[in-house]
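Have the viewer open as you read.

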Amino acid sequence: MIIRKLQETVDTPRHIRSDNWDSARMLLESDGMGFSFHITTLYAGTENPMWYKHHLESVYCISGKAELHDLAAGTRHTIEPGTLYALNDNDRHVLKILEDFTCACVFNPALRGTEVHDADGAYRLDAAPVS
C-alpha cells in the first residue's frame, strides 16, 4: 500500500516546476501502478501547447478555469471545476489558463518523474526516474 500526502511532495524530486505550471507527482513509474498521478496547477494568463505523443492523459479540474482548444477538431471547450477531459487519441491541444487552474492528472504509461514539455509539448519516454 502507498500512502502519500500532497504537502509531503513539495520541494522534493517529485515536485516539478516550470514557468507555466507546478506539478506534484504523487505516483510515478517507480511506484509500479502502471500509471502516474499528479496534482498540477497551471498559472493564469499562460497558454500551454501540448501534444502527448507517447502518453494518454486524463485531467479532472479541481479549481480554476481554462479554455481547451482541440487543434485537430478546431473546437474550444471551457474547463471548470467538476469537468474531466481525456486525451484518448494523443490529441494536440492548447490549454489557455483563464484563472489559476488546479487539476488531477493521470498518465499512461506512467511518467518517470522529471519530465517537462519538449518543443512539441510532449513528454519524452527517457526522462530520469525519481524514486
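The chain has 8 strands and 0 helices, with strands meaning DSSP E runs of at least two residues, helices H or I runs of at least four, and numbering from the N terminus. Read from the N terminus, the order is simply β-β-β-β-β-β-β-β. Keep in mind that this is a predicted model, where local features need pLDDT of at least 70 and side-chain atom pairs count only at pLDDT 80 or more, while totals for chains, interfaces and linings use all residues. Residues are numbered from 1 along each chain as its sequence is written, and side-chain values use heavy atoms, leaving out hydrogens and water.

How does the overall size look? The C-alpha trace spans about 40 × 25 × 25 Å along its principal axes. The chain's radius of gyration is 14 Å, which agrees with the value near 14 Å for a compact globule of 131 residues; this is taken over C-alpha atoms, and the globule rule is 2.2 Å times the number of residues to the power 0.38.

Of the 131 residues, 40% are buried, where buried means under 20% relative accessible area, exposed over 50%, and partly exposed in between (1.4 Å probe, protein chains only). As for contacts (heavy atoms within 4.5 Å), take the ones between residues at least 6 apart in sequence: 62% of them join residues at least 24 apart.

Most residues other than glycine have a negative phi, and most peptide bonds are trans.

| Residue | Phi | Relative accessible area |
|---|---|---|
| D11 | near 60° | 62%, exposed |
| N90 | about 50° | 26%, partly exposed |

D11 is in the segment before β1 (15–17), whereas N90 lies in the loop between β7 (84–87) and β8.

Which peptide bond is cis? The one from N108 to P109, with omega near 0°. P109 is found in the segment after β8 (93–108).
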